[in-house]
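Please look over the structure below before reading on.

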Amino acid sequence: MNSPKDRQDSVADFSFMLASSVHDMKNSLGMLLNTLDETMREMPPKTPVQQSRYATLQYEASRINGELIQLLSLYRMNLQAMPVHVEENYVRDVLDEQLARNDMLFVSRHLNVELACDENLLWYFDSELVSGVVHNVLVNCARYTRSKLCVKAWVDEGLYIEVADDGQGYPQAMLSQPIDLNAGVSFESGSTNLGLYFAQTVARLHKTKAATGRISLANGGALGGGIFTLFLP
């Protein structure tokens, strides 16, 4: 019979193997996404059917790639091996980079994307982790919005980054409890709650003596759809 320590080591070894496999899959998907972007630029879709197929490939590959990166990040955070580099960043540059990263996705879905952020807005945060959160939100919003996305950033006793869309909005259950780890997996919608859990974890890594980072969900606003907000003190 295995001792508790043997079982603990076995779980740790299995977790490491899973993390290694996820890392390989992430790299392969990254290459697939780059190849897909090049293909779309060299051979733009000529019919609505081709446009739809490109959009589906782009969205699904981006979504899976984002979730694999989140899994690896959470794995390293759990091992306390995830360095957090909080430094001063131009917020607009970080948001511009994520919008450019997903440009082909927005184009393929005919989405109008607006950015409202002062070019000189500076704030302290880990740009890699926050970029990961914004990327994940943009990819998800691209699926549920009808025609428009609006990204805003401003400072009011902390930095607020908001992503709003003109879709149907978040379900009431998510508004009541955005981070419900007991909600399980929805095979119908593909939701695992991993993205919001990752966003909340990244937010909480940013803290001062007076406040801790957080996320929030709402519906309505100028576009009438879902509103995701990240607050960093």
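Is glutamate 114 buried, partly exposed or exposed, judged by its relative accessible area?

The model is a predicted one, and in it glutamate 114 is partly exposed, because its relative accessible area is 36%, a value between the 20% under which a residue counts as buried and the 50% over which it counts as exposed. Glutamate 114 forms a salt bridge with lysine 148, and the closest N and O atoms of the two are 3.3 Å apart.

## Salt bridges within helices

The count of salt bridges comes to four. Side chains of opposite charge can pair when their charged atoms come close. In helix α3 (residues 91-101), arginine 92 and aspartate 96 lie four residues apart, about one turn of the helix, and their side chains meet in a salt bridge with an N to O distance of 3.5 Å. Arginine 92 is partly exposed, with a relative accessible area of 22%, and aspartate 96 is also partly exposed, with 31%.

Arginine 63 is buried, because its relative accessible area of 19% falls under the cut-off of 20%.

## Surroundings of valine 130

Valine 130 is found in helix α5, which spans residues 127-144, and it counts as buried because its relative accessibility is 0%. Leaving aside neighbours within four places in sequence, the residues in contact with valine 130 are Phe125, Ile161, Val202, His206, Leu230 and Leu232. For one of these, leucine 230, the C-alpha atom lies 9.0 Å from that of valine 130, although the two residues are 100 residues apart in sequence.

## The β6–β7 hairpin

Strand β6 (residues 214-220) and strand β7 (residues 225-232) run antiparallel and are joined by seven bridges. Within this pairing, arginine 214 has phenylalanine 231 of β7 as its bridge partner. The two strands, β6 and β7, form a hairpin with four residues between them, and in the turn glycine 221 has a positive phi of about 70°.

## A nonpolar surface patch

Val84, Val86, Tyr124 and Leu205 make up a nonpolar surface patch of about 330 Å². Valine 84 is found in the loop between α2 (48-78) and β1 (87-90), and valine 84 is partly exposed, with a relative accessible area of 33%.

## Cysteines

A disulfide is a covalent bond between the sulfur atoms of two cysteines. In this model the count of disulfides comes to zero. Cysteine 141 is buried, with a relative accessible area of 4%, and cysteine 150 counts as buried at a relative accessibility of 10%.

How values were computed:
Residues numbered from 1 in each chain as written. Predicted model: local features only at pLDDT ≥ 70, side-chain atom pairs only at ≥ 80, totals over all residues. Heavy atoms only, no water. Buried < 20%, exposed > 50% of the residue type's maximum accessible area, 1.4 Å probe, protein only. Contact = heavy atoms within 4.5 Å. Patch = residues over 30% accessible without salt bridge, like charges linked within 9 Å, V, L, I, M, F, W, Y side chains within 5 Å. Areas by Shrake-Rupley, 256 points an atom, 1.4 Å probe, with all protein chains shown as cover. Pairing = 2+ DSSP bridges. Disulfide = S-S within 2.5 Å.
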